[in-house]
Amino acid sequence: MLLSVIGHYSLVAGLCVGLIIIFFSIKNFQISEHLDAKILSFTFLQFILVSLSFLCLVFSFVFSDFSNETVFNNSHTTKPLFYKISGTWGNHEGSLLLWLLVLTLFIFLFLVKTKKQPVKYKILTLLFQQIIIIGFFIFLIQTSNPFNYIYPTPEEGLGLNPILQDPALAIHPPILYLGYVGSSIIFSSALAATCLNIVSKKWASHIKKWVLISWIFLTLGILLGSIWAYYELGWGGFWFWDPVENVSLMPWLALTTLLHCILVLEKKQILTSWVIILSISTFTLSMCGTFLVRSGILNSVHTFANDPGRGLFILVFLFSLILISLFVFFFFHKSTQNELNNFSWLSKETSIIINNWFMMYFLSVVLIGTVYPIFLDVLSSQKISVGPPFYHKLIVPFLIPFLLAMAIGPKLKWVKSNLEDKFSLILLLIISVLISFFILKIFEANFLINTILISSAAYLFFTTFRDFFIKKFNNISQNIAHFGFSLLILSILFNSLFSSEIITNLKVGETFEDLNTKIILKSIEQKEEKNFKSIIANFNIENSKGIIENLSPELRIYNQPNIVTSEADIKTTMMSDKFIVINIVQNQDYFNVRYQVKPFMLWIWLSVLLISFGGLLSLFKKNYE
């Protein structure tokens, strides 16, 4: 209970410090040309207080202090230590406390790392950031306090949802939050720069590193969530267009667009309005994601809370931030004259703008597919779900010109350009089309759209691959990121076109056989771990070449909460994954078996790492073109 008391009052003290920071900031903004040292000290103190509060919650989980309601609801004495610690943020209250911790850390780092920026700009950024921080303090203390205590103290906790007890998901939320919260700095910085009318090349160079930091963490966070869903949820896919997945994708799309616009702004004093709008949109979408998940509106395996009161608070808070943003934008922003008229239609700027349009279109499709079922439910009580066919039909046709523009855009110059090296580009396009045609013909896949789509992705692949040899280290970060993206699209296409699946029911000793695969359920064994029992099925899988693989998926029966989960067994090679998962057939001796061969799975993960690595390189590169 002592830890809960310290944690709670640290939050209250942090809130008070936030008000003090606002007081000194306003005072400093009016009278001083230097940043008041007290502001930096109080910002550091606020971070320390939130860190103390967070550590109190961590130790409450480690020591299984069930007098704490959050620990009682989400932990158990038999849980391994690693999952006790990760359980700190594996619930609604703890995850919001983590949000707050990252918010206070980032604004402190921002003040430390921006010594050369104008004082008024730093103070205004701090003020906008404190509005967000204080909103989160009030939200935590009033509606989602992680330090509510229970009396009398229960002897045992209810345990953490077993599907959240996974190494990838243990680090997925902190990484994702670093991306989300990083966008808050961009948001506050953009509003401050707009108020002072300093949205310029210099500001673009300064804020670019925060955009990159946020983008890298968001990309890695989405990757970790995708990997976890692939092997833990037993569906055998990597992206399901689940609404909670979509709400992480939307800020990523906006942030990617913003990153490219910032590059343009860094070179030319154009697109200022668009950069401000994207800065606001990125953070708004991050907050929308929080609202949709935390309110319980979205029904998903990812949702932790189901509390309309909390959702209402976030909704009001979000609208307040949007209103402030709109006020700042319309009353303070002065757009640059003739922003779009001082460069040629054939230039790098034009290609980036065209790709921005496509990115905004993709974002709109995901947004509509995510929120339309919610509005329909509210307005007509009609429940629908928007699945992959909706997204594929609307996104795939536009992906083709998007990939072609990505391939050609980097070959253009700023302001005005001639398309150089036309012969090589045309030759690569012809080679891409021919290779796609023959691949699809050999594997008897359907033509037309697949041929064009693979050709476009292959064209981007070849042009970026060629640039490694021609440009060498010039634009290496951009080239790696674009090459990774082409590899990602190709891997996804080949994976979806050439995956195979067998679903059957087997009991011990039985065999399933078709032309290409023979599956034998050899035996069943049981194993007991600290907080669950395992039923392990041993399979022999023989392919058409006579090669035999041994795979052992399992069912886990957790003691607290009493839930059965399916754990897939996956054999990964460079070319494909062999994925098998089992489920119990009720009241029978049979197991339901799902066996999949999934080409290029490893390349999907590697390509996203490559994209992130490209961003990381540009973060540490002094002169990025």
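First, some ground rules. This is a predicted model, so local features need pLDDT of at least 70 and side-chain atom pairs count only at pLDDT 80 or more, while totals for chains, interfaces and linings use all residues. Residues are numbered from 1 along each chain as its sequence is written, and side-chain values use heavy atoms, with hydrogens and water left out.

**Stop 1: the core.** Select Trp 99, Phe 136, Trp 203, Met 287 and Phe 485: these have the most contacts inside the largest nonpolar core, which has 149 residues. A nonpolar core here is a set of buried Ala, Val, Leu, Ile, Met, Phe, Trp, Tyr and Cys residues joined through side-chain atoms within 4.5 Å. Buried means under 20% relative accessible area, exposed over 50%, and partly exposed in between (1.4 Å probe, protein chains only). Helix H6 (residues 119-143) supplies the largest share of this core, 15 residues. Helices are DSSP runs of H or I with at least four residues, strands are runs of E with at least two, and both are numbered from the N terminus. Then jump to Ile 535, Ala 537, Phe 539 and Val 593, which are among the 15 residues of a second, separate core.

**Stop 2: around Trp 99.** Which residues touch Trp 99, leaving aside neighbours within four places in sequence? Show Phe 136, Tyr 177, Tyr 180, Val 181, Phe 283, Met 287 and Thr 290; contact means heavy atoms within 4.5 Å. Ring pairs also link Trp 99 into a cluster with Phe 136, Phe 139, Tyr 177, Tyr 180, Phe 313 and Phe 317. Rings of Phe, Tyr and Trp (its six-membered ring) pair if their centres lie within 6.5 Å; planes under 30 degrees apart are stacked, over 60 edge-to-face, and the rest tilted.

Stop 3: Pick Trp 215 and Trp 252, a stacked pair at 6.3 Å centre to centre with 25° between the planes. Trp 215 lies in helix H8 (residues 201-232) and Trp 252 in helix H9 (residues 243-267), so the pair ties together parts that are 37 residues apart in sequence. Both Trp 215 and Trp 252 are buried. Now select Phe 329 and Phe 330: their ring centres are 5.3 Å apart with planes at 80°, so this pair is edge-to-face. Buried or exposed? Phe 329 is buried at 15% relative accessibility, whereas Phe 330 is exposed at 60%.

**Stop 4: Ser 184.** Find Ser 184 in helix H7 (residues 167-195). At 0% relative accessibility, Ser 184 counts as buried. Leaving aside neighbours within four places in sequence, Ser 184 is in contact with Leu 103, Gln 129, Ile 132 and Phe 283.

Stop 5: Most residues other than glycine have a negative phi, and most peptide bonds are trans. Go to Tyr 151 and Pro 152, where the peptide bond is cis with omega near -5°; Pro 152 lies in the loop between H6 and H7. Next comes Trp 241, in the loop between H8 and H9, with a positive phi near 55°. Trp 241 is buried, with a relative accessible area of 14%. Finish at Leu 271, in the loop between H9 and helix H10 (272-294), where phi is near 65°.
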